[in-house]
Amino acid sequence: MVDFETIKSEEVKFGNNKFIEIARKKAITEEGENTFISISSGFLTPNGEKRYRKSFTVPINDEVIDFLSKTIKEV
């Protein structure tokens, strides 16, 4: 079994009740822990609850994070 803990998250809302969230999360298992960055998109229900549609993870590695941030600005 895996438990996930959100350490920190930031989000931006756009369009009609949509959002993008970037979060630092920790996966906790009996074998140990793994920290990673999660980039997710989703929408808000009429009640204001978050519903996630798509997500992908990025390892906490300076080279990978620098590549992503630089390339996103250039594209």
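With which side chain does the side chain of serine 40 make a polar contact? The partner is the side chain of serine 38, at 3.3 Å, where a polar contact is a pair of N or O atoms within 3.5 Å, one of which, within protein, must be able to donate a hydrogen and the other to accept it, with residues adjacent in sequence counting only if both atoms are side-chain atoms. The model is predicted, so that local features need pLDDT of at least 70 and side-chain atom pairs count only at pLDDT 80 or more, whereas totals for chains, interfaces and linings use all residues. Residues are numbered from 1 along each chain as its sequence is written, and side-chain values use heavy atoms, with hydrogens and water left out.

- Serine 40 lies in strand 3, residues 32-44 (helices, H or I of at least four residues, and strands, E of at least two, are DSSP runs numbered from the N terminus).
- With a relative accessible area of 4%, serine 40 is buried (buried means under 20% relative accessible area, exposed over 50%, and partly exposed in between, with a 1.4 Å probe and protein chains only).
- When neighbours within four places in sequence are left aside, serine 40 is in contact with Phe19, Ile20, Glu21, Tyr52, Lys54 and Ser55, contact meaning heavy atoms within 4.5 Å.

- Six salt bridges are found in a search of the whole structure, each being a side-chain nitrogen of Lys or Arg within 4 Å of a carboxyl oxygen of Asp or Glu.
- Glutamate 21 and lysine 50 form a salt bridge through their side chains, at 3.0 Å from N to O, and this pair links distant parts of the chain, since glutamate 21 belongs to strand 2 (residues 18-29) and lysine 50 to strand 4 (residues 50-59), 29 residues apart.
- Glutamate 21 counts as buried at 4% relative accessibility, whereas lysine 50 is partly exposed at 31%.
- A network of salt bridges links Glu11, Lys13, Glu21 and Lys50.

**Other salt bridges**

- Glutamate 49 is joined to arginine 51 by a salt bridge in which the closest N and O atoms are 3.6 Å apart; glutamate 49 is partly exposed, with a relative accessible area of 37%, and arginine 51 is partly exposed, with 39%.
- Glutamate 74 forms a salt bridge with lysine 70, with 4.0 Å between the closest N and O atoms, and because the two residues are four apart in helix 1 (residues 62-74), about one helical turn separates them.
- Glutamate 74 counts as exposed at 57% relative accessibility, and lysine 70 is exposed with a relative accessible area of 52%.
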